[in-house]
Amino acid sequence: VVVYSGDTIEEIATKLSKVLKRDKNKIIQSYYNCSNLVEGGIIARYYKLPYNISARSAIGYMVWKSNKEIQDIAYNNLEKFTQKDIKKYIIIASIIQKETWKKEEMSLVSAVIHNRLKKGMKLQCDATLNYGPYSHKIVTPQRIRSDTSRFNTYKYKGLPPEPLGSFTKEALIAAMKPANEPHLYFVQDIDESHIFTSDYKEHLKNIQKIKAKRAKIKKLFCK
């Protein structure tokens with residue numbers, strides 16, 4: 001069974017239900033019996049499972065395997081930590097995973113998140129609105145205005161209350177080891193890479209440059 005980055009428990013349970021021929025809702029309930037996380041309790045990776053394994057045992061193994069890997073990463077990258085700290089880093093990892101698929105950018109996105117939290121700034125991340133049923137929905141200005149949940153980091157300071165979905169070990173390492181950079185802003189370029197800066201005026205200029213690029217491309221292909 002392959003768990004992809006960003007998968008929700010609903011999506012993971014749907015996969016297992018098809019493979020194991022078991023009731024999806026019972027699989028979801030088994031997950032909540034094994035994990036104290038609403039989302040993010042199963043790391044994105046390949047899981048090798050016995051063909052006739054029960055749904056409860058499958059979920060139990062996946063959660064156990066994930067917990068072990070999370071603890072190992074924490075011991076290798078943090079001097080000290082509590083379980084509350086671990087949940088914080090898992091939430092950050094899930095945001096990083098939603099913001100970029102590029103491994104080389106993950107520690108930079110992490111730096112932005114950590115720097116904003118330290119300064120008491122709102123995160124203002126579109127990614128945090130990709131929770132639950134909105135996991136793979138495009139975040140529109142209307143959504144930002146209308147969503148009143150604590151996942152809306154345009155309205156509320158701090159991290160969202162729960163992880164957004166599954167994440168890779170690279171995202172978790174980046175959450176624990178942010179780049180030593182002063183970045184506070186980033187924007188996605190047309191090639192899906194990101195431009196980072198610590199200066200708001202420069203950030204606005206970067207946005208305008210990207211808009212100009214998109215307008216030029218649109219003009220070229222829409223003649």
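Reply: The second largest pocket is lined by Cys34, Ser35, Asn36, Leu37, Val63, Asn67, Ile70, Gln71, Gln83, Ile86, Lys87 and Ile90. This is a predicted model, in which local features need pLDDT of at least 70 and side-chain atom pairs count only at pLDDT 80 or more, while totals for chains, interfaces and linings use all residues. Residues are numbered from 1 along each chain as its sequence is written, and side-chain values use heavy atoms, with hydrogens and water left out.

Me: Which elements give two or more residues to the lining of the second largest pocket?

Reply: They are α3 (55-77) and α4, helices here being DSSP runs of H or I with at least four residues, and strands runs of E with at least two, numbered from the N terminus.

Me: How does the lining of the second largest pocket divide by class?

Reply: The lining has six nonpolar, five polar and one charged residues, where Ala, Val, Leu, Ile, Met, Phe, Trp, Tyr, Cys and Pro count as nonpolar, Asp, Glu, Lys and Arg as charged, and the others, Gly among them, as polar.

Me: Why are α4 and α7 called oblique to each other?

Reply: The axes of α4 (residues 83-99) and α7 (residues 169-176) come within 8 Å and cross at roughly 120 degrees. Angles under 35 degrees count as roughly parallel, over 145 as roughly antiparallel, 65 to 115 as roughly perpendicular and the rest as oblique, and α4 and α7 are therefore oblique.

Me: What classes of residue make up the contact of α4 with α7?

Reply: The residues of this contact (heavy atoms within 4.5 Å) divide into eleven nonpolar, one polar and no charged.

Note on methods
Axes fitted to C-alpha atoms, helices over the stretch in contact; angles between N-to-C directions. 1 Å grid on protein atoms, 1.4 Å probe; cavity = no way out; pocket = protein on both sides within 12 Å on 5 of 7 lines; lining within 4 Å.
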